[in-house]
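What follows is a brief report on a predicted model with two protein chains. Please read it alongside the sequence and the coordinates.

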Amino acid sequence: MFSGSVWKNIAVLGIVALISGITVFTVHAITKGYIIKSESRYAKRFLFQVAPNANYTNDILTDTINIPKKYFSMLGIESGEIHLVKINGKLISIIVPSIAYDGYNGKIKILVGINLDGSIVSVRVVSHKETQELGDKMEVVKSDWILNFNKKSLNNLEPKSWKVKKYGGYFDQFTGATITPSAIIKQVHETLKYYEMDKSRIIKELDVFNEIKVSNNFEGGN
Amino acid sequence: MYIRSYKSILNNGIWEENQGLILFLGLCPLIAVSNSVVKALGLSIATMFVLLFSNITISLIKKRVSGILKIPIFIIIIATFTTIIELFMKVFMYELYILLGIFIPLIIVNGLILNRAEIFACKNSVVKSAFDGLIFGMGFSAVLITLSAVREILSVGKIFINMDLLFGSAAVDWSITIFSEGYSFLLFMLPPGAFILLGFLIALKNLIDGKVNTLSGNERSSLKKETKRVRTTGPVA
């Protein structure tokens, strides 16, 4: 059997762990609300940059619809939702998350804002591990390169133009880096193709959604 | 024993036993996080917070904890304060927290903190332990921030980039361009550059130590030389 000192040790360790647990729990309980606020502020920072204007009336962070699983590989994602941008209940554009894997170092997560007609509102890189100062010109704070995507669509840019200039495409490469911009261009192109394929579902789903709302209101009125 | 006056804590923490330059504790965050001043400041604040409060707490309970239980209990205490500062950083500087990533939770296993707990805090009074934590934290932070400032200047030609992550929107244009716009030197952005510069910092410290020794120790060294001569001639005769 254990000797007395072992029981004493267990007791001391238990008490310390308990006090530590209570302390962490208390601090967590106090800060929880604030942390959720900072998280959503952080997430929104990029979302509102790819919304067409600041006058949207819905909460673009939480107003979402799902993406069917079969499109996940196309977008490079494992989970994710389409964020909706609405003005007075009317859908004006969507924001699609997407991940490029062909970068120099790991995943490049991007957000693509798309107007309902299929043209790009804007693109932003949310996170990446590309080489600092060499491959990070796609950050909007570092250069205007990413703004080249604005207003582009499958209609006004043919498939062979979705490349860097070096390979006969439309987009500039950064000095010293072609891999990173190529990866982003390719993934933005894929995202637009996805929208073409899934467009009818998104608009239909929203219409059904709106109709339910309308009919509910109607019943409520009666 | 390891009982010291405040003056010697100050001297040892900042200079003689500097955790970054002499003992090389916390080398991993030192190398990884020193690529920008704002990240270095963020990690410095977090490390100093944990070191200060873990030293105080450990000093408070030193009489009740002994032997085999010491290390696990120290780790629990350090982990508690690390989690607390992590939560606070999420509230007040979420973006900086994201930038620092894994290096905030890794404070738990930073040898510097456990070293101070084991060597000093569990043998000294609360006030002295708090002072020790603060000073050794400052010594580590000084190396981290100096290294990051040099790296930032040499790698992108600017200093104090993105300080708004820590000081709010008032600090948006604190960044100072030192070399021409568009300057960039990749080596100093990556870990090898950090190692090279850390080497230079250590060399600089040793140089200063050498100068100080030759200035203050002239008399003693001349005395030593004589005794040496006597000794060498001794066996021969």
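## Salt bridges

Over all chains, the structure holds 10 salt bridges. A salt bridge here is a side-chain nitrogen of Lys or Arg within 4 Å of a carboxyl oxygen of Asp or Glu. This is a predicted model, where local features need pLDDT of at least 70, side-chain atom pairs count only at pLDDT 80 or more, and totals for chains, interfaces and linings use all residues. Side-chain values use heavy atoms, without hydrogens and water, residues are numbered from 1 along each chain as its sequence is written, and chains are lettered from A and ligands numbered from 1 in the order in which they are written.

One of the bridges joins A:Lys86 and A:Asp63, at 3.2 Å from N to O. A:Lys86 sits in strand β2 (residues 81–87) of chain A, and A:Asp63 in the loop between α1 (4–47) and β1 (64–66) of chain A, so the pair ties together parts that are 23 residues apart in sequence. Helices (H or I, at least four residues) and strands (E, at least two) are DSSP runs, numbered from the N terminus. Both A:Lys86 and A:Asp63 are buried. Buried means under 20% relative accessible area, exposed over 50%, and partly exposed in between (1.4 Å probe, protein chains only).

A:Arg201 and A:Asp198 form another salt bridge, with their closest N and O atoms 2.8 Å apart. The two residues are three apart in helix α3 (residues 179–221) of chain A, so about one helical turn separates them. An α-helix has 3.6 residues a turn, so residues three or four places apart point the same way. A:Asp198 is buried, at 2% relative accessibility.

In chain B, the side chains of B:Lys70 and B:Glu118 meet in a salt bridge of 3.8 Å, N to O. This pair links distant parts of the chain: B:Lys70 belongs to helix α4 and B:Glu118 to helix α6 of chain B, 48 residues apart. B:Glu118 is partly exposed, with a relative accessible area of 29%.

## An enclosed strand in chain A

Strand β4 (residues 108–115) of chain A has six of its eight residues buried, so the rest of the structure largely encloses it. Strand β3 (residues 90–100) of chain A pairs with β4(A) in the antiparallel sense, over eight bridges. Pairing requires that DSSP finds at least two bridges between two strands. Six bridges join β4(A) to strand β5 (residues 120–127) of chain A, and these two also run antiparallel.

A:Pro97 stands opposite A:Leu111 in β4(A). A:Leu111 in turn stands opposite A:Arg124 in β5(A). The hairpin of β4(A) and β5(A) has four residues between the strands, and A:Gly118 takes a positive phi near 95° there.

B:Asn110 caps the N-terminal end of α6(B), with a side-chain oxygen 3.0 Å from the backbone nitrogen of B:Leu112.

B:Thr47 lies in helix α3 of chain B. B:Thr47 is buried, at 1% relative accessible area. Beyond its neighbours within four places in sequence, B:Thr47 is in contact (heavy atoms within 4.5 Å) with B:Ile107, B:Asn110, B:Leu112, B:Ile113 and B:Phe140.

## Positive phi in chain B

B:Phe24 is not a glycine, yet has a positive phi of about 55°. B:Phe24 is in the loop between α1 (6–16) and α2 (27–33) of chain B. At 38% relative accessibility, B:Phe24 is partly exposed.

B:Phe160 also has a positive phi, near 65°. B:Phe160 lies in the loop between β1 (158–159) and α8 (164–167) of chain B. Its relative accessible area is 31%, and B:Phe160 is partly exposed.

## The interface

Chain B puts 20 residues in contact with 22 residues of chain A. The area buried between chain B and chain A is about 2000 Å², of which carbon and sulfur atoms give 78%. Buried area is the accessible area (1.4 Å probe) that two parts lose on being put together, summed over both. Across this interface the rule finds zero salt bridges.

How values were computed
Polar contact = N/O pair within 3.5 Å; in protein donor to acceptor, adjacent residues only side chain to side chain.
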